[in-house]
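Biologist: I would like to go through this model with you, pockets and sheet included. Please show it, and then let me ask.

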Amino acid sequence: MVPLVTPMDRPGRPSASAADALLGALATAGARGLMLFGSNGEGPLLPTAQLGDFAAGVAKRWRELTEGGPVLVNVTAPGTAEALARAEAVLPAEPDALVLSPPIYFHHRHDEIVAHYVALACLGVPVVAYNAPRYSNPLTPALLDELTRLAHLVGIKDSSGDLALFGHAVAAARRRDDFGVSQGAEGQALDALRLGADGVVPGVANLAPGAAVELFRAHRDGRDGDAWRAQQLLDEVLALHTVRTGVPAVKAVLAERGLCPPHVAAPFTPCSDEERHALLDLLAPLDAHLIRA
């Protein structure tokens, strides 16, 4: 599953039509799932009013390209009321699941975080808990145990980088036969699959979807050497963040390949010419493995 960057037709304004070339390239490379508005999608920087049209347009096009491939939509927010408002805004896209981190900004008690997830049960849409402790309250082992008991929760995406915690999430998930666990810490994708992950959601798949798909398939098919080589390739691509961290770097490379405008949501700024040239020089030896139109 690709945590999609959010193509924009001008700074801060998502555009489903601007995403068309990228969606086509990702589908051709073998990706079959999308997550919208995560950290790679600049979700928390986008106003609620701008989410609905983009989500609906991208979901429609993706399902056409992939014969119904799943689309998940992140609605993480500082508080429960805003998370519900963001969820309502994207319901016309008919998401296969809503993705929700614990509340961001304030520190909250265990019972408050559980109540935050319980509140989304009224929407009638499956929910995936998203553990990204760099940005929100962390999901602890005790919280993971309790959340897996909520009937409307169907999965966990863990981006903590803590493999012991990830192992706990897998064990908790196995108490149900309708609950999945995915890894979002892209440098640990293969480690997570070996621990029993059901899937991976690596941001680097925006740039190297073929390698991400190969990693998953090779592990599934027992081709351990091929899986390890695919992980190594993804790690090499991830070096772009030593030039410029985060979404602006990914969009700069995609823009150079004709797949996404370089626009970002404030307070992000696009890569400078110097950064762009450094990124392209760094990735030039990997060109054959990068996404192409």
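Biologist: How do the residues of the lining of the largest pocket divide into nonpolar, polar and charged?

Modeller: This is a predicted model, where local features need pLDDT of at least 70, side-chain atom pairs count only at pLDDT 80 or more, and totals for chains, interfaces and linings use all residues. Residues are numbered from 1 along each chain as its sequence is written, and side-chain values use heavy atoms, with hydrogens and water left out. Ala, Val, Leu, Ile, Met, Phe, Trp, Tyr, Cys and Pro count as nonpolar, Asp, Glu, Lys and Arg as charged, and the others, Gly among them, as polar. On that basis the lining divides into 17 nonpolar, 15 polar and 4 charged residues.

Biologist: What volume does the largest pocket have, and which residues are the closest to its centre?

Modeller: A pocket is an open set of points on a 1 Å grid over the protein atoms alone, where a 1.4 Å probe fits, with protein on both sides within 12 Å along at least five of seven lines; lining residues have an atom within 4 Å of a point. Volume is the space filled by probe spheres set on the points, which are joined across faces, edges and corners. For the largest pocket that gives about 750 Å³. Of its 36 lining residues, the closest to the centre are S39, N40, Y130, R134 and Y135.

Biologist: Is Y130 buried or exposed?

Modeller: Y130 lies in strand β7, residues 127-131; helices (H or I, at least four residues) and strands (E, at least two) are DSSP runs, numbered from the N terminus. Contact means heavy atoms within 4.5 Å. Beyond four places in sequence, the contacts of Y130 include M35, S39, N74, Y117 and K157. Buried means under 20% relative accessible area, exposed over 50% and partly exposed in between (1.4 Å probe, protein chains only), so Y130, at 5%, counts as buried.

Biologist: Which strand holds the residue opposite M35?

Modeller: Two strands pair if DSSP finds at least two bridges between them. Strands β4 (34-36) and β5 (71-74) pair in the parallel sense over 3 bridges. M35 faces L72, a residue of β5.

Biologist: Which are the edge strands of the open sheet?

Modeller: The sheet has 8 strands in the order β1-β4-β5-β6-β7-β8-β9-β10, with parallel pairing. An edge strand here pairs on one side only; those strands are β1 (2-3) and β10 (199-200).

Biologist: Which element gives the most to the lining of the second largest pocket?

Modeller: This pocket has a volume of about 620 Å³. Its lining counts 30 residues, with M1, D198, G199, V200 and V201 nearest the centre. At least two residues each come from β8, β9 (180-183), β10 and α8 (209-220). The most, 6 residues, come from α8.

Biologist: How many residues of helix α10 are buried?

Modeller: Helix α10 spans residues 247-256 and is mostly covered. The cover over its buried residues includes β2 (8-10), α1 (20-28) and α11 (273-283). Among the buried residues are V247, K251 and L254.

Biologist: Which backbone oxygen does the side chain of T148 reach?

Modeller: T148 sits in the loop between α5 (141-147) and β8 (153-158). T148 counts as buried because its relative accessibility is 5%. Its contacts beyond four places in sequence include I156, R175 and F179. At 2.8 Å, its side chain reaches the backbone oxygen of D145.

Terms used:
Polar contact = N/O pair within 3.5 Å; in protein donor to acceptor, adjacent residues only side chain to side chain.
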